[in-house]
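Here is a short tour of one protein chain, meant to be read with the structure open beside you. Let's walk through a few of its strands and helices together.

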Amino acid sequence: MTRILASAVFALGVMAAHAAPAWQEGNTYAAGTVVSYNGHDYKSLVTHTAYAGANWNPAATPTLWQDLGVSSTTPTPTPVTPTPTPVTPTPTPVVTPTPTPVVTPTPSVTPTPTTSCYQTWASGSVYTGGQRVTYNGVNYEAKWWTQGDNPAQSGDWGVWKNIGNCGSTTPTPVTPTPTPVTPTPTPVTPTPTPVTPTPTPVTPTPTPVTPTPTPGSDGLPKHVLVGYLHASFANGSGYIRMADVSDAWDVINLSFAEPTSSTSGQVAFKMCPSTECPNVESEAEFIAAIKAKQAKGKKVLISIGGANGQVRLESPAAATAFVNSVSAIIDKYGLDGLDVDFEGHSLQLNAGDNDVANPTSPVIVNLISALKQLKAKYGSKFVLTMAPETFFVQLGYSFYGGTCAGCDTRAGAYLPVIYAMRNDLTLLHVQDYNSGPITGLDNQYHTMGNADFHVAMTDMLLKGFKVAGTSFQFPALRPEQVAIGLPANGNAGGGFTSVADVQTALNCLMKGTSCGSYKPSASYPNMRGLMTWSVNWDKFNNFEFSTQHRAYFNAMP
């Protein structure tokens with residue numbers, strides 16, 4: 001769980017002959033401001049504050065900053081202003097005359113010491129684009145958000161870029177690529193990355209013909225609290241025996257079953273070892289406690305993945321291994337179903353995979369197949385939930401990995417899976433945390449940690465939206481299928497939201513009251529509830545999340 005890109009049509013102007021000021025955390029930047037960061041110049045796309053601690057540096061937040069390329073102290077040629085065109089433009093190239101190169105095409109190479117060593121890479125830490133680490137004597141720079149991706153195994157197309165040995169003297173090219181810094185007769189056009197959709201009215205397509213089961217047929221109450229239980233590790237928050245889990249939780253997700261390898265498809269679940277969790281119960285006690293929870297109407301699921309559990313079903317054989325191994329866990333512990341918490345590089349879209357309803361990327365197709373097989377095996381009582389990050393869902397309104405040139409191909413990659421399983425999906429609780437700014441249906445950027453963010457992100461699921469670069473309208477989910485994912489406290493994840501702000505968001509979404517700047521077009525009294533990472537962190541925080549929000553839902557009609 002804890003183990004984020006919008007673009008705008010722009011015009012290139014004459015850059016100042018002097019270097020742009022360095023970006024600084026904590027500053028407020030007006031739209032159009034140019035700064036330098038890690039050797040590149042960036043232009044602010046919208047007025048915003050670089051909140052301290054959020055790590056929204058220019059390299060990490062292309063929703064806020066446009067990369068102008070390698071920093072230069074030399075004036076660029078006369079500007080060429082392209083005509084803005086709507087979504088996914090194919091602009092007519094405007095070619096400037098070949099200018100006299102200011103810098104020779106071949107970058108000069110001068111033996112210079114590399115940047116000093118950085119903080120050692122840690123598998124459990126979150127890194128965003130532009131952050132640097134040292135691992136096994138080598139320095140690496142993150143290209144985008146990552147957690148758990150080993151820098152040494154990243155490769156040319158992975159998240160980490162090798163930037164030289166730690167503290168050694170290495171010939172380093174002046175420019176990061178062999179492309180000359182000087183202007184070339186390359187067309188000066190907006191990048192073909194899909195632009196943020198124009199603010200035309202978003203009209204959701206009708207609800208799928210085959211309806212999902214009617215509310216209540218899943219055996220859950222009208223409004224639920226979903227909590228992840230650290231069952232295979234402690235994670236600094238302390239181990240909780242299954243029998244001691246509060247009855248405030250309606251759905252308990254055992255965290256985590258993890259893959260035996262990233263592509264095998266086989267997953268395994270192991271209880272927390274006594275060396276890490278001295279108070280761990282025996283397996284027999286664990287199973288008995290699960291049955292006791294179920295007797296009280298609780299649902300206990302196995303959660304697959306997490307930030308350290310990359311699962312890539314690249315072949316039908318891997319899908320079969322996934323189904324068999326998940327089934328073995330469900331059967332052994334007598335569980336009610338499955339939570340899909342695929343993160344990292346588990347899901348991504350191949351180039352040209354632009355039909356949400358008919359995906360072609362193997363890791364997507366095989367996951368859908370596996371989930372359908374599990375549903376068919378266990379029948380109508382099988383509980384299926386998903387916990388994607390905003391990057392994999394709502395970001396698809398602005399960027400879709402199968403259609404955008406130059407963006408992260410994981411953008412919106414959960415959408416085909418959610419769409420395919422919409423009639424079998426019990427709950428979708430997107431993680432409204434550890435997120436960068438995301439464009440809502442109002443075509444405004446929303447940042448995590450406040451009521452408006454949760455209202456805007458949830459409204460996208462309840463209203464539906466047009467997927468960027470396609471003609472596909474992602475349909476609205478039923479309110480009974482939607483919950484909001486939150487960290488239980490500040491230790492559990494970035495974007496912690498106070499109880500008061502969470503309930504302000506719930507009031508806006510469910511009652512149509514207390515709305516802030518974002519106002520949904522309807523109220524959704526049957527919205528299902530809240531999810532949190534985690535049961536353990538909630539206890540660590542004196543049960544604030546479960547106590548306060550349980551009381552809120554109990555007071556609902």
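Strand E16, helix H2 and strand E17 make a right-handed β-α-β unit. From E17 the chain then crosses through helix H3 to strand E18, in a β-α-β crossover that is right-handed. Please keep in mind that this is a predicted model.

E16 (residues 299-306) runs parallel to E17, and 6 bridges join the two; here leucine 301 stands opposite glycine 337 of E17. On the way to E18 (residues 383-386), 4 bridges join that strand to E17, again in a parallel arrangement. In this pairing, aspartate 339 has threonine 385 of E18 as its bridge partner.

How many of the residues of strand E17 are buried? The count is 6 of the 6 residues in 337-342, so E17 is largely enclosed by the rest of the structure.

Both faces of the strand are covered. On one side lie Gly337, Asp339 and Asp341, and on the other Leu338, Val340 and Phe342, all of them buried. Asp339, then, is a buried residue of E17 and also the bridge partner of Thr385.

## Helix against helix

H2 (residues 316-333) and H3 (residues 362-378) pack at an angle of about 35°, and their axes are 9 Å apart. The crossing of H2 past H3 is right-handed.

From H2, the contact is made by Pro316, Ala319, Phe322, Val323, Val326, Ser327, Ile330 and Asp331, while H3 brings Asn366, Ala370, Gln373, Leu374, Lys377 and Tyr378. Sorted by class, the contact has 9 nonpolar, 3 polar and 2 charged residues.

## A closer look at threonine 320

Threonine 320 also sits in helix H2. Is this residue buried, partly exposed or exposed? Its relative accessibility is 39%, so threonine 320 counts as partly exposed.

## An antiparallel sheet elsewhere

Let's finish with another part of the chain. Strands E8, E9 and E11 form an open sheet of 3 strands, in the order E8-E9-E11 and with antiparallel pairing. The edges are E8 (132-135) and E11 (160-165), each of which pairs on one side only. On average, neighbouring strands of this sheet are turned by 30° against each other, direction ignored.

Between E8 and E9 (residues 138-142), which run antiparallel, there are 4 bridges. Threonine 134 stands opposite asparagine 139 of E9.

Technical notes. Residues are numbered from 1 along each chain as its sequence is written. This is a predicted model: local features need pLDDT of at least 70, side-chain atom pairs count only at pLDDT 80 or more; totals for chains, interfaces and linings use all residues. Side-chain values use heavy atoms; hydrogens and water are left out. Axes are lines fitted to C-alpha atoms, for helices over the stretch in contact, and angles run from 0 to 180 degrees between N-to-C directions. A crossing is left-handed if the near helix is turned anticlockwise from the far one by less than a right angle, and right-handed if clockwise. Contact means heavy atoms within 4.5 Å. Ala, Val, Leu, Ile, Met, Phe, Trp, Tyr, Cys and Pro count as nonpolar, Asp, Glu, Lys and Arg as charged, and the others, Gly among them, as polar. Buried means under 20% relative accessible area, exposed over 50%, partly exposed in between (1.4 Å probe, protein chains only). Two strands pair if DSSP finds at least two bridges between them. A crossover is right-handed if, with the strands pointing away from the viewer, the path from the first strand over the helix to the second runs clockwise.
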